[in-house]
Amino acid sequence: MHPAVARAIKKLVDSGKTPTVALTKSKLTQSVAMPDVISGVAAYKQDPTCIDHYQEVEEVVKASSQSQLDRIEAKLDKLIALLEKS
């Protein structure tokens with residue numbers, strides 16, 4: 001399932017609405033091909049817990065990106081300190 005479709009379905013479910021292709025398409029924040037929207041809604045209807053998996057994966061990716069950003073900032077701080085000394 002496309003991550004944007006999973007997020008749109010999650011928004012609909014959180015607001016108490018039943019996801020349909022039209023509602024899901026209206027909640028998308030980026031352009032997604034219609035077959036991806038249709039397959040995402042179909043997957044949700046077969047297994048409503050499938051969107052939970054995408055939420056967990058997204059959280060792990062965000063945490064990983066944040067820790068990588070922290071390392072880059074630390075290296076940049078060291079470089080700036082070295083440049084200021086010379």
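Hello everyone, this is a short walk through one protein structure, from its overall layout down to a few residues.

A word on the source: what you see is a predicted model, in which local features need pLDDT of at least 70 and side-chain atom pairs count only at pLDDT 80 or more, while totals for chains, interfaces and linings use all residues. Residues are numbered from 1 along each chain as its sequence is written, and side-chain values use heavy atoms, with hydrogens and water left out.

Let's begin with the layout. The protein has 4 helices and 0 strands, and along the sequence the pattern reads α-α-α-α. Here helices (H or I, at least four residues) and strands (E, at least two) are DSSP runs, numbered from the N terminus. Of the 86 residues in the protein, 20% are buried. Buried means under 20% relative accessible area, exposed means over 50%, and partly exposed is in between, with a 1.4 Å probe and protein chains only. As for contacts, meaning heavy atoms within 4.5 Å, take those between residues at least 6 apart in sequence: 48% of them join residues at least 24 apart.

Now to the helix α1. The buried residues of α1 are Ala4, Val5, Ala6, Ala8, Ile9 and Leu12. After α1 comes Gly16, with a positive phi near 85 degrees.

Which two side chains meet in a salt bridge? They belong to Lys10 and Asp14, at 3.5 Å, N to O. The structure holds 1 salt bridge, defined as a side-chain nitrogen of Lys or Arg within 4 Å of a carboxyl oxygen of Asp or Glu. Lys10 and Asp14 are 4 residues apart in helix α1, so about one helical turn separates them. Lys10 counts as partly exposed, at 24% relative accessibility, whereas Asp14 counts as exposed, at 55%.

Next, please find helix α3, residues 34-46. Its 13 residues reach 18 Å from first C-alpha to last, close to the 18 Å expected at 1.5 Å a residue. Its buried residues are Val37, Gly40, Val41 and Tyr44. Seen down the axis of α3, they fall within an arc of 95 degrees, so they line one face of the helix; the arc is that of the directions from the helix axis to the C-beta atoms. On the other side of α3, Pro35 and Gln46 are exposed.

How many residues does the largest nonpolar core have? The answer is 11: Ala4, Val5, Ala8, Ile9, Leu28, Val32, Val37, Val41, Tyr44, Cys50 and Ile51. Such a core is a set of buried Ala, Val, Leu, Ile, Met, Phe, Trp, Tyr and Cys residues joined through side-chain atoms within 4.5 Å. The elements giving two or more residues to this core are α1 (3-14), α3 and α4 (50-85). α1 gives the most, with 4 residues. As background, nonpolar side chains tend to be buried together in soluble globular proteins.

Ile9 lies in helix α1 and is buried, with a relative accessible area of 0%. Not counting residues up to four places away in sequence, Ile9 touches Met1, Pro19, Thr24, Gly40, Val41, Tyr44 and Ile51. By the same rule, Tyr44 touches Met1, Ile9, Val13, Pro19, Cys50 and Ile51.

My last stop is Thr24, found in helix α2, residues 21-27. Is Thr24 buried or exposed? Thr24 is buried, with a relative accessible area of 0%. Its side chain reaches the backbone oxygen of Thr20 at 2.7 Å. Leaving aside neighbours within four places in sequence, Thr24 is in contact with Val5, Ala8, Ile9, Leu12, Pro19, Val37 and Val41. Thr24 and Gly40 are 16 residues apart in sequence, with their C-alpha atoms 9.1 Å apart in space.

Technical notes
The expected span of a helix is 1.5 Å times one less than its number of residues. A polar contact is a pair of N or O atoms within 3.5 Å; within protein, one must be able to donate a hydrogen and the other to accept it, and residues adjacent in sequence count only if both atoms are side-chain atoms.
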